[in-house]
Amino acid sequence: MTEIILLSLRIALVAVLLSLPFAILVAWVLARVPFRGRLLLDVFVHLPLVLPPIVTGYVLLVVFGGHGPLADLGLAFTSTGASVAAAVVAFPLLVRPIRQAFEATDPALLHVAMSLGASPRRAFFTVALPLAAPGILAGALLAFGRSLGEFGATITFVGNIDGETRTLPLALFSALDVPGRESEATAFAIASAVLALGTLVLGELLARRSRRWTTG
Amino acid sequence: MDDGLILDGVVARRGGFSLTADLRCGPGTTAILGPSGAGKSTLLQAVAGFLRPDRGRVVLGAEVLSDAGARSWVPPWRRRVGLVFQEPRLWPHKRVLATIRYGGRYREDDVIAWCGIGHLLDRLPRQLSGGEAQRVAIARALMARPRLLLLDEPFTGLDPARRRHLRTLLETLQAELSIPVLCVTHLVPEALELTDKLVLIDGGHVVAHGDLAGVLAAPGAFALTHALGLENLLEVEVIGPGDGTTRARLGAHEVLLPETDLAPGERGHVTVSPADVLLAAAPLTGVSARNALSGEVRDILPVGDRFLVHVDVGQPLRVEVTHAAARELGLAVGRTVWCYTKTWACRWWD
């Protein structure tokens, strides 16, 4: 039980850390960089939200699986692969609050930084990014919570391997499959619910603390 | 004009708005005056580099900042143009010391002393009052060692005491750093206390630039000076104090004005609103108004439901009268009239 919880937390954490830089980049582009095809990128980013997770898993298998173009990365049927599956599915939830935070930041705050000699890169890292921290935190926790509960894409892409890819939802699925393991299934369900709840509560507490520093 | 700013045939578009500007601003403060929507902030954006002009050149000192013809453009972060907005735009997450050091540490101790922010260095923006935040914003701009300072409506939203304080600060900067300062404002008195170099902008065009007298005389500037309450600017020479007032010479006339710091023999400017001048067809006797100026009517201009009468009293004096009054007086171009004002209706500019 403990091992399964720890594995789930690790996979979810790696999923968030892995996708965070991409999410920040995409959120910035969507919020601040006008270009043709922004709508297309927007739709593409939101796709995993509406696509059946099993389809997402299948796409990942086609790309990273045995005969896929990126098979050499060896992600299929590994815990890192589980993180990738979770990251893809949770990506829209990660991007959205970060994008909103970027959009809410007064562009004049960046202009001032540039007028003081800061390159756009420095202005981004010293002004835009710190001011978006509450949004980044909110997105990260939301994505973390979503990753903990990821099931469809995971089982399709990396299977249900004990000690490698069997996270809480997959363990619950396995327990339900075998007669006489109902109490175990209940324990997995409760653990999932507690973790999800804990993530939300933590997110709310941190949001309250961090909200103060962006209100000048 | 080695350290001045030149806008040479600049055309800059923002949204549906277009600004056309030809300007030369030397060292010292230049006030950009105009109603809202005139193009003042578009001008600042083009100079700061956040708006790329479609045409023309922007030159600062020896460097061409942008030249639409040659397709050259210096990005904002290489221009060293300081920006101070009406809203201080401090970064909510940075303390004052980190804020002001962001762009450099040019004359740090001096700047902190000038701006009077020594006791605020470890505060966050939300712990500052409006006036304090603005001084921090000015310090931040100065410590990056700007070659040009742009102030966007710096006086707006400050109470009179803070305005005086800010004016003193800007005068200090002018004495200590010989950089051009462009100050956008719609508050004429503040602008005139800062400088005698004015640029009038309206409808996306520079209507006039020069000193106050020059700006007032410029064709096309009248509607604007009217809106700004600046129609009459009269040059006088102080004779001396007289019973709580000041005696002064206005051309051939002697007038009584409010007290002033000017010494006898010095010249200064007073303004008087056209509505505060009484017009008479013949000299009046037994009136309380102290100042009588006679002159010839040069022009009668309809403005709204009134006439604005231009009387030449040695200098142009504009007087507002109703249509009925104009009829009864038999006003006509070429006629001699007498203009009366109270002492307290006249205000000193300098």
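**View 1. Buried area between chain A and chain B.** About 2000 Å² is buried between chain A and chain B, and carbon and sulfur atoms carry 65% of it. On the side of chain A, the residues that lose the most area to chain B are Val112(A), Ser115(A) and Leu116(A). Together they make up 30% of what that side buries. The model is predicted.

**View 2. The salt bridge of Asp106(A) and Arg89(B).** The count between chain A and chain B is one salt bridge. Its partners are the side chains of Asp106(A) and Arg89(B), with an N to O distance of 2.3 Å. Polar contacts across the interface of chain A and chain B come to five residue pairs, with both residues at pLDDT 80 or more.

**View 3. The side of chain A that touches chain B.** Chain A brings 24 residues to the contact, and chain B brings 20 residues. Which elements give two or more residues to the side of chain A that touches chain B? They are helix H5 (107-115), helix H6 (120-131) and helix H10 (182-214) of chain A. By class, this side of chain A holds 13 nonpolar, eight polar and three charged residues.

**View 4. Pro107(A) in helix H5.** Pro107(A) belongs to helix H5 of chain A. Why does Pro107(A) count as partly exposed? Its relative accessibility is 39%, and partly exposed residues lie between the 20% limit for buried and the 50% limit for exposed. Ser210(A) is 103 residues from Pro107(A) along the chain. The C-alpha atoms of Pro107(A) and Ser210(A) are 20 Å apart.

Definitions and conventions: Residues are numbered from 1 along each chain as its sequence is written. Chains are lettered from A and ligands numbered from 1 in the order in which they are written. This is a predicted model: local features need pLDDT of at least 70, side-chain atom pairs count only at pLDDT 80 or more; totals for chains, interfaces and linings use all residues. Side-chain values use heavy atoms; hydrogens and water are left out. Contact means heavy atoms within 4.5 Å. Buried area is the accessible area (1.4 Å probe) that two parts lose on being put together, summed over both. A salt bridge is a side-chain nitrogen of Lys or Arg within 4 Å of a carboxyl oxygen of Asp or Glu. A polar contact is a pair of N or O atoms within 3.5 Å; within protein, one must be able to donate a hydrogen and the other to accept it, and residues adjacent in sequence count only if both atoms are side-chain atoms. Helices (H or I, at least four residues) and strands (E, at least two) are DSSP runs, numbered from the N terminus. Ala, Val, Leu, Ile, Met, Phe, Trp, Tyr, Cys and Pro count as nonpolar, Asp, Glu, Lys and Arg as charged, and the others, Gly among them, as polar. Buried means under 20% relative accessible area, exposed over 50%, partly exposed in between (1.4 Å probe, protein chains only).
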